[in-house]
Amino acid sequence: MEYKAIELRRQDGVTWLNFNRPEKKNAMNPTLHREMHHALSELDADDETRVLIITGKGDSFCAGEDLKEYFYDLKDKPGEAERIRKISYEWRGKMLRLFTRPTIAVVNGYCFGGAFAVVGNCDLAIAAEEAKFGLSEINFGNFPGGLVPRAIMDLLRWRELMYYSLTGEPFDGKRAAEIGLVNYAVPKANLEEAAAKLAAKLIEKDPIALKETKEVLRVGRHMNDEETWYWAQAKTHETTQLQKGGWLDKGIKQFTDKQYRPGFGAFKKD
Ligand code: COA
C-alpha cells in the first residue's frame, strides 16, 4: 500500500511513523485511518521495528479527527461512517495498545480531541514544552467521546480530566507532563533527540521481556488480585520458554558472575 497521509522512516531499530497532512494540521481523515490500520498491522510483524515512534510532520502532532472529512462529509452516509469509525477505533485502540513492541507518542505540536486516544494508548509519551494540547470537543458543542475517555481516564488526575473536558482550555507540554498525560516535556528543539534516546534505552532490553511486560500490565490491570498473580506467573513461565531460559541463564547468571548490576542497566544479550 502506498501511503499518502502517513510516512514511515526506519533508523537503528526504531520505526518513526509520521502523520503526514501538515497542511491540515495532521487531522485524521478516512485515508489516514485506513493507512494507519494497514501500517500497524504490517509493522506488528516487522522484525526491524524494535520500537515504534508516532509523531507528526510540520507544527502539529495531530489536530484530532478531521472535522470535515470524518464528521461532516459522512453525516448522511451511515454505512461508510460506521466503517471508518470501526477502522479508527481498531487502530487507535486494541492495535496500538497491544502492539508487540513498545510505542512512544512524540507530541511535537498541536494535539487535540481524538489525538488524545493515540497519546493515551501509546506505552510512553513525551512532548515539546511548546506543544498545545486541548480536549476541544466542548468548544464545538460535543464532548470527548469514542476512545478518548477510556484512553485518558486512568492517566489524568480526576480534577484535571474534568477541568479540561468541561472547559476545553488548551495547555502546553509542561502542563501535560504535570498532569500525567505524557512522561516528560523537553524544549521543541531537543524533542527528536530525546525521543531517539528514549527509544535507544528500550532497544537495550530483551524484546521478549518488553512484550511480556506490556501484556502483563495492560491485560493485568483489568484483573483482580488473584487473577493478576496467576496471570503474571503464567507469563513468567512463557517468558522463560520463549527466551529459552535467557533471563535465568544470562540475566541472573551474569549478575551472580558479577558481570553487571541490574539496578543500573541491562544484561549483555550475546
Ligand atoms: N479537521 C479538519 N481540518 C482541520 C482540523 C481538523 N481537526 N484542524 C485544522 N484543520 C485545517 C484547517 O481547516 C485549515 O485548513 P485550510 O487551510 O484548508 O483552511 C488548516 O488545517 C490549517 O488550520 P488553521 O486553523 O488555519 O491553523 P491554526 O494554526 O490557526 O489553528 C488549530 C490550528 C488546530 C488550533 C485549529 O485548526 C483548530 O482548532 N482545529 C480543530 C481542532 C479540534 O477541535 N480537533 C478535535 C477534533 S476531534
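Below are my entries, and I keep in mind that this is a predicted model.

**Entry 1: domains**

I started with how the chain is divided. The domain assignment gives me domain 1 (6-203) and domain 2 (207-264). For the contact between them, I noted 14 residues from domain 1 and six residues from domain 2. I then looked up how far apart they sit, and their C-alpha centres are 29 Å apart. Together the two domains bury about 800 Å² between them, and carbon and sulfur atoms carry 55% of that.

**Entry 2: empty space**

A probe the size of a water molecule, rolled over the atoms, shows where space is left empty. How many cavities of 30 Å³ or more does the structure hold? I found one. The space in the largest cavity comes to about 40 Å³.

Which residues line the largest cavity? I wrote down Arg 97, Leu 98, Phe 99, Thr 100, Lys 211, Lys 214, Glu 215 and Arg 218. Sorted by class, that makes two nonpolar, one polar and five charged residues. Helix α9 (residues 207-220) gives the largest share of the lining, with four residues.

Where does this cavity lie relative to the domains? Domain 1 (6-203) and domain 2 (207-264) both give residues to the lining, so the largest cavity lies between them. That ties this entry back to the first one.

Then I turned to strands. As a reminder to myself, strands of a sheet pair through backbone hydrogen bonds, in either a parallel or an antiparallel way. I traced an open sheet of four strands in the order β4-β6-β8-β9, and its pairing is mixed. β4 (60-62) and β9 (171-172) stand at the edges with a single partner strand each, so one side of each has no neighbour in the sheet.

Further in, I checked β6 (residues 110-112) against β8 (residues 132-134): they pair in the parallel sense, over two bridges. Cys 111 stands opposite Phe 133 in β8.

Terms used
Residues numbered from 1 in each chain as written. Predicted model: local features only at pLDDT ≥ 70, side-chain atom pairs only at ≥ 80, totals over all residues. Heavy atoms only, no water. 1 Å grid on protein atoms, 1.4 Å probe; cavity = no way out; pocket = protein on both sides within 12 Å on 5 of 7 lines; lining within 4 Å. Points joined across faces, edges and corners; volume = space filled by probe spheres on them. Nonpolar A, V, L, I, M, F, W, Y, C, P; charged D, E, K, R; others polar. Domains from an automatic or database assignment. Pairing = 2+ DSSP bridges. Contact = heavy atoms within 4.5 Å. Buried area = accessible area lost by both parts, 1.4 Å probe.
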